[in-house]
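Q: Can you walk me through this model? I'll ask as we go.

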Amino acid sequence: MTGEQTPAARPFLVDLRGVVDLLSRHIYSGPHVFLRELIQNGRDAITARAEHEGRRDASWGVRIHPPTADEPTLRFEDDGVGLTADEVGELLATVGRSSKRDLFDLPRAGFLGQFGIGLLSCFMIADRIVVRSRSARGGDPVEWVGSTDGTFTVRVLEGAEASGIAVGTTVSLVPRADEAELCSPTSLRELARRYAEYLPIPILIGTGDGSFDGIGRPAVFALTGEARAEARDRIAELGREVVGGAPFEVIEVHSTATDTHGTAYVLPFPPTPGARQANRVYLGGMLVDPRADELLPDWAFFARAVVDSNGLRPTASREHLIEDESLEATRAELGAAIRAWVMRLAVERPARLAEFVGIHHLGLKSLLLHDDELAGFITRWLTVETSVGVMTIDELVRSHPHVRFTETVDEFRQIAGIVPVSRAVVNGGYVHEADILRRLPLLFDGVTVERVTVSGELDSLDPPPLADRAAALALETRAGAVLAEVGCEPSVRRFAPDDLASLYLADAEVLRSITRGAARDLTGPLWSGVLGRIDDGPSRLASGGSGEAARAKLCLNWDNALVRTLAGEVDDAVFDRTIRLLYVQALLAGHRPLRASERAMLTGALTDLVALSLAR
Ligand SMILES: Nc1ncnc2c1ncn2[C@@H]1O[C@H](COP(=O)(O)OP(=O)(O)OP(=O)(O)O)[C@@H](O)[C@H]1O
């Protein structure tokens, strides 16, 4: 027999310093979380004691004694179940061991801890942790001392040392000098309040003169039923704190899937673009994430929720939620509550809904494109700009069931001035607007939509009467010769009002081409080459070049007296200068920036006209 031996299995060794470093640098957001972990252990120990004794004493709580000048030790006492000598050895000294997991290694309901690393966070502020504990299960009290070098001692306390130690646990730490500030009474109070103000057990902080301050307040945001109705004002008051002003609305939200209860506050102002949702999440009354943006659906960008849950799961740092099925189900249920509020508002208080839409219209517009159900009742309350004034979509589809809209603001500006009331046009140029308008036939019975263009509208304007056609054509030809140098084509039409002599009209693509032309004049050779190639491409359009169909138009109003005069016997020089002036005037009226050549044209035409009149 060769006697091959199986090597003996040996346990992993853990370098505690490495683990503490891992915790402080990569898991927890900073050393301050040690207090949260201690409060959480105290709270869990009280839950375990209540389970063990079959009763809960309302006075069981935690007491925090900040270090003082005479006593540099921070003491943290709880009235929980305590630990026996065996438990101390097993639970405190084994990284990752927790009494809060069940037979199947799942987190036990009712307990906040689960990972078995929380106590180690105390090493982020102190080199030694001293735990003295007396178990509710009986036996002598015990002392466990752990050090950052990875060693620990356990001893049973007897006689005088044991007397005066009640059931519960005291953790003592001497903060390192660099963490002393963190352990000042003010800082401890602030931290305890941040993490545990809603924990339903007494949490007391020593003031240094033997007295204690309590930090608790009821979690009004999570109340339900009658208690919620009674706490209405306090819930609204909390909303001011959460949203930074009186909330537009306070909505009760809950998820039965995860035993989550809370309140969603509707922002009274539009959130800044790109702002995170920042919802506050408590688990069992303890703060987990003050800025959770995954709690509500994206579309609920206008709400900020504060919730307490017994079913959502935290990451090991306890600073975020795990993105799992529970969170997904919760998000869906909370979203449904907010959606139901919007629906109720639509039915019961339409004016209030209109106000809400007015505040959040920009965000709502993007949301409506993805959410048909919401779109069904929100869309009608959105307002749009039309050639006959601002109106809600509801008013629009009633008065103009055939909705005509422009794709850009520029086109709208050009068209709005000439279309008759019966052919009103909607400005679809603002963000998401055209997309929403295109969907109107899906949302409203009998509604049709049409995208209008400048050239299409121009074509629909009346031509001069038959008897005047020849004169009008002659005017077009004569004006065309003057305007050729600016790449613009005259077109004689009739439109109201008749005191408007001319209009500058150009389709979106023509305007883009003109802008590129202006940029070419200003930029260096590289860019002007690139911009030039765009215009020389297959979709070649004219700003000063050829491209018949796509040239800008100077639309001359045949009903205007000056235009009619120009169609008569007019001296060449006067005709030329007047057409130039009408062109520049139309550009200015259309809010088009003047190019250098157009500025020169304006000055030149005026100077010449003055000179001509002086010469006569
Ligand atoms: N104050 C206490 N009273 C009684 N038992 C305690 C106390 N503090 C810690 N323990 C015991 O020590 C174990 C380890 O505690 P630790 O804080 O490291 O992890 P945890 O609370 O179980 O989990 P988590 O890392 O999620 O906080 C606990 O499971 C608990 O059994």
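Q: Which residue stands opposite V307 in β13?
A: V281 does. A note on terms: strands (E, at least two residues) and helices (H or I, at least four) are DSSP runs, numbered from the N terminus. Two strands pair if DSSP finds at least two bridges between them.

Q: Anything to know before we go on?
A: This is a predicted model, where local features need pLDDT of at least 70, side-chain atom pairs count only at pLDDT 80 or more, and totals for chains, interfaces and linings use all residues. Residues are numbered from 1 along each chain as its sequence is written.

Q: Back to the strands. How many bridges join β11 to β13?
A: 4 bridges join β11 (residues 279-283) to β13 (residues 303-309). These two strands run parallel.

Q: What is the strand order of the open sheet they sit in?
A: The order is β9-β10-β13-β11-β12, and the pairing is mixed.

Q: Which strands stand at the edges?
A: β9 (249-255) and β12 (286-292). Each has a single partner strand, so one side of each is left without a neighbour in the sheet.

Q: And what's the twist?
A: It averages 15° from one strand to the next.

Q: Which helix lies across β9, β10 and β13?
A: Helix α8 (residues 325-348). It runs at about 145° to β9. Axes are lines fitted to C-alpha atoms, for helices over the stretch in contact, and angles run from 0 to 180 degrees between N-to-C directions. Contact means C-beta atoms, placed from the backbone, within 7 Å.

Q: Now the 3-strand open sheet. What is its order?
A: β19-β21-β20, with mixed pairing. The edges are β19 (488-493) and β20 (502-505), each with a single partner strand, so one side of each is left without a neighbour in the sheet. Neighbouring strands are turned by 25° against each other on average, direction ignored.

Q: How do β19 and β21 run, parallel or antiparallel?
A: Parallel, with 6 bridges joining β19 to β21 (residues 552-557). S491 has C555 in β21 as its bridge partner. Helix α16 (residues 469-483) lies across β19 and β21, at about 160° to β19.

Q: What do β14 and β15 form?
A: A hairpin, with 2 residues between the strands. β14 (residues 383-386) and β15 (residues 389-392) pair in the antiparallel sense over 4 bridges. V384 has M391 in β15 as its bridge partner.

Q: Where does UniProt place the "binding site" feature?
A: The unreviewed entry places it at E37, N41, D78 and T169. UniProt positions are in the numbering used here, feature names are shortened, and annotations may be inferred rather than shown by experiment. These residues spread over 133 residues of sequence but cluster in space, with a largest C-alpha distance of 13.9 Å. E37 is in helix α2.

Note on methods. Contact = placed C-beta atoms within 7 Å.
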